[in-house]
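Please examine the structure shown below. The briefing that follows is arranged by topic.

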Amino acid sequence: MTSTSRSQHVCRLPAEVTSFVGRRHEVAEVRQLLSVSRAVTLTGVGGVGKTRLALRVGHEVRRAFRDGVWLVELAALQCPELLAEVVAEALEIRDLTSTAPLAALTEHLRDKQVLVILDNCEHLVAECAVLAETLLRTAGEARVLATSREALGIGGEHVVPVPPLSLPERRRPGLSPEALAQGEAVRLFVERARAVVPGFAVTEDNREVVARIVCRLDGLPLAIELAAVRLRALSVRQVLDRLEDRFRLLRCGSRTVLPRHQTLRALIDWSYALCSDEERLLWERVSVFAGGLDLKAAEAVCSGDGIAREDVVDLVIGLVEKSVLVREDHRGGVRYRMLETLREYGRERLVASGREEVLRRRHAGYYRELAKQARAQVFGAGQVGRFTRLQVEDANLRAALDTCFAVPGESGAGLSLATDLLYHWITSYYLGEGRNWVERGLAAGAGPLEVRARALWAGAWLTIMQGDMTAADGMVREARRLGERLENESVLGYAALFSGMIAMSRGRVAEAVERYEEGLARHRGTGDLAGLSLALVRLSLAHSFAGESARAVAAGEEALAVSDASGEGWHRAYAMMALSVEVWRQGDLPRAAELASGSLAFDRSIGDWMGVGVSVEVLAWVAAAERRFDRAARLLGIVQSVWASVGAVMSGFGHLMRYHDECVACCRAALGDAAFEAAVGRGARLSYEEGMAYALREDARGRGGHDRGQWARLTRRETEIAALVARGLTNKEIAASLVIAQRTAEGHIEHILSKLGFHSRAQIAVWVGARGREDDDQVA
């Protein structure tokens with residue numbers, strides 16, 4: 001082959017015939033890695049867009065390789081012995097008659113500065129590893145960019161997992177059509193839809209359906225493109241409805257690609273075929289999990305019948321390496337997630353094997369035991385870890401409950417599981433769901449009487465938190481009757497406690513105190529520290545409401561002491577909240593703010609939205625008492641959003657609404673209607689994290705007072721460059737202004753776009769302007 005001149009920059013890559021959507025962060029990362037590493041491998045599940053990403057990178061870096069960027073397509077190669085020959089042919093080495101292909105290849109590349117893209121290596125991993133290592137060892141200026149379901153495993157290799165496209169935030173269902181269309185997965189769907197339905201756009205009418213389609217498809221580009229093609233004949237609603245059988249619907253693709261890339265099922269069939277027999281078996285069994293799993297769960301549920309327990313770890317590693325499982329870091333340790341599309345495929349295989357019911361029972365049994373352990377250890381050190389674990393496992397817990405109530409004769413087990421999860425329902429925003437599961441089990445009339453009695457008082461607590469005192473009263477009365485029948489002091493103690501809460505909600509303070517004291521005595525007798533703490537907290541609040549300050553403080557301080565003696569956090573946070581109310585009433589505002597802030601910080605750490613709501617309420621009352629009416633109004637706006645998420649205002653603390661109403665009236669009178677509503681609106685518009693930072697004054701500590709949310713995620717240099725972009729400066733002008741290389745400026749802008757989830761400089765400019773206006777509001 002004739003040597004290429006430095007000016008030609010050969011690029012043997014196919015032209016892009018469709019738009020390239022998203023991936024700014026990934027493109028920037030791979031480009032940077034190629035500047036420092038000679039071997040980079042893009043890994044990910046089939047259909048995630050590894051090839052397209054590699055090609056885009058190849059186009060963008062082609063000027064850095066004087067002897068060209070070359071694509072070697074390996075997907076259709078079935079004979080490993082032909083690998084070197086196929087690569088040589090792709091590099092246009094014509095004469096292979098006088099020497100072996102690998103020798104000719106290494107000789108040809110010895111002094112060349114090239115980038116070789118080895119595409120679809122997964123079925124030839126070992127052979128590609130040997131070839132790539134040989135090329136890199138003999139050709140000092142060559143670089144290899146590979147795509148594969150798993151890494152090549154060669155020295156110096158940098159592995160870049162390619163994730164699915166970003167999805168709409170599930171906690172922000174009210175996104176405008178314009179905002180929704182900026183997300184990567186939705187943008188791809190819209191652009192491919194326009195190819196078959198000109199003028200297609202995200203509208204108010206279809207935004208939720210479009211969002212659900214891309215989420216159901218896990219943000220997989222291939223699946224999204226196949227779904228968009230179906231709009232030739234179907235509406236977006238019809239596409240969504242038919243995704244229950246996604247493998248049947250998504251089977252039309254480009255006729256110019258390999259058969260396994262034309263349909264979703266064929267692509268996953270290919271991944272399945274690349275696994276060992278034991279890996280396939282584990283894939284099928286892991287499909288019973290919902291929302292992810294950890295190694296311990298995989299060992300407990302998936303071992304046996306062909307998989308030794310000690311082999312599970314190696315099989316999990318194998319599925320991670322083949323991009324079937326995705327490794328994720330959580331506070332509690334490493335977890336593994338399977339894309340819903342792969343999970344559904346595995347479930348089909350599991351059903352066909354006749355083993356689904358066995359695995360579902362095993363799965364439910366594992367999570368029943370997990371919930372039982374959490375209930376037994378609800379008070380004491382390590383509590384946060386247990387709460388966090390249950391929150392992470394929420395989808396699996398729901399699946400276990402589904403199994404229990406679906407299997408004949410297992411409703412009692414379902415009731416026990418739902419009751420054991422009481423603190424999971426209470427310390428999150430799953431009040432309604434928890435109540436529904438408990439009531440479903442109670443209606444079934446199954447299980448031992450002791451379990452039913454416990455479920456009744458647990459259901460009463462959930463119902464009280466939702467403000468349904470009539471239903472709660474009925475549950476408490478039945479719990480008391482069963483407690484007397486069983487002579488169960490624990491049940492009677494909780495029945496008394498929740499009778500007191502109902503009485504308090506109805507304004508019968510003296511009756512509430514009497515019931516709380518009864519519950520307190522019974523829990524002292526049984527040694528139930530959780531029940532004891534709950535009774536003390538409620539007693540403190542009741543005495544405070546009645547104006548009995550000394551008794552309120554004594555009960556609150558005892559509650560703190562009980563928690564401190566056991567290293568307990570959650571009940572302690574509520575004791576701090578109760579004390580903060582009384583201290584605020586006494587006029588010690590700094591101490592009240594300190595207590596409420598401590599309670600808020602803990603509740604935020606475990607995601608207890610109800611605790612968060614009450615603590616922010618107290619901080620608003622403190623601010624009003626300090627005559628900081630604008631801050632108080634903003635806090636009222638923040639807590640308004642919290643209560644909307646919980647589904648009930650002042651859940652379980654309804655008697656405190658008097659203080660809330662007084663705070664609102666005070667702030668409105670001081671600020672005037674317009675200014676008060678504006679301040680509340682500013683608080684309500686803050687994201688949850690921004691609201692918590694404002695309530696805890698974190699926005700004024702260490703971040704200059706005005707940087708919040710995404711602004712705080714930018715580095716100082718990125719913030720500076722974002723401001724210059726907003727002023728309309730070009731990359732060259734930014735580089736000159738900051739005395740940095742233009743390529744460095746471009747890299748910073750790529751990172752800014754990625755962090756903010758934007759795709760244009762104009763969006764940066766609009767966003768910077770909006771932050772500036774908000775800062776002006778803060779100063780004002």
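Phe405 is part of helix α19, which covers residues 394-406. The model described here is a predicted one.

- The relative accessible area of Phe405 is 11%; because buried means under 20%, Phe405 counts as buried.
- Leaving aside neighbours within four places in sequence, Phe405 is in contact with Ser411, Gly414, Leu415, Trp437, Arg440 and Gly441.
- Phe405 and Arg440 are 35 residues apart along the chain, and their C-alpha atoms are separated by 8.6 Å.

- Ser271 belongs to helix α12, residues 264-273.
- With a relative accessible area of 8%, Ser271 is buried.
- Not counting residues up to four places away in sequence, Ser271 touches Gly46, Arg149 and Trp283.
- Trp283, leaving aside its neighbours within four places in sequence, is in contact with residues including Ser271, Ile268, Tyr272, Leu319 and Met338.

**Packing of helices α13 and α15**

- Helix α13 (residues 277-286) packs against helix α15 (residues 312-321) at an angle of about 85°, and their axes are 10 Å apart.
- Angles of 65 to 115 degrees count as roughly perpendicular, and therefore α13 is roughly perpendicular to α15.
- On the α13 side, the contact is made by Glu278, Glu279, Leu282 and Trp283; on the α15 side, by Val312, Leu315, Val316, Gly318 and Leu319.
- Sorted by class, the residues of this contact are six nonpolar, one polar and two charged.

**Nonpolar cores**

- In soluble globular proteins, nonpolar side chains tend to be buried together.
- The largest nonpolar core contains 209 residues.
- Leu145, Phe189, Trp283, Trp461, Trp570 and Trp621 have the most contacts inside this core.
- Helix α31 (residues 609-625) supplies the largest share of the core, 12 residues.
- Another core, of 30 residues, lies apart from it; Val114, Leu135, Leu136 and Ile154 are among its members.

**Helix α34**

- Helix α34 comprises 13 residues, 673-685.
- Which residues of α34 are buried? They are Phe676, Ala679, Val680, Gly681 and Gly683.
- These buried residues of α34 pack against α32 (629-646) and α33 (657-671).

Methods: Residues numbered from 1 in each chain as written. Predicted model: local features only at pLDDT ≥ 70, side-chain atom pairs only at ≥ 80, totals over all residues. Heavy atoms only, no water. Helix = DSSP H or I, 4+ residues; strand = E, 2+ residues; numbered from the N terminus. Expected span 1.5 Å × (residues − 1). Buried < 20%, exposed > 50% of the residue type's maximum accessible area, 1.4 Å probe, protein only. Contact = heavy atoms within 4.5 Å. Axes fitted to C-alpha atoms, helices over the stretch in contact; angles between N-to-C directions. Parallel < 35°, antiparallel > 145°, perpendicular 65-115°, else oblique. Nonpolar A, V, L, I, M, F, W, Y, C, P; charged D, E, K, R; others polar. Core = buried A, V, L, I, M, F, W, Y, C linked by side-chain atoms within 4.5 Å.
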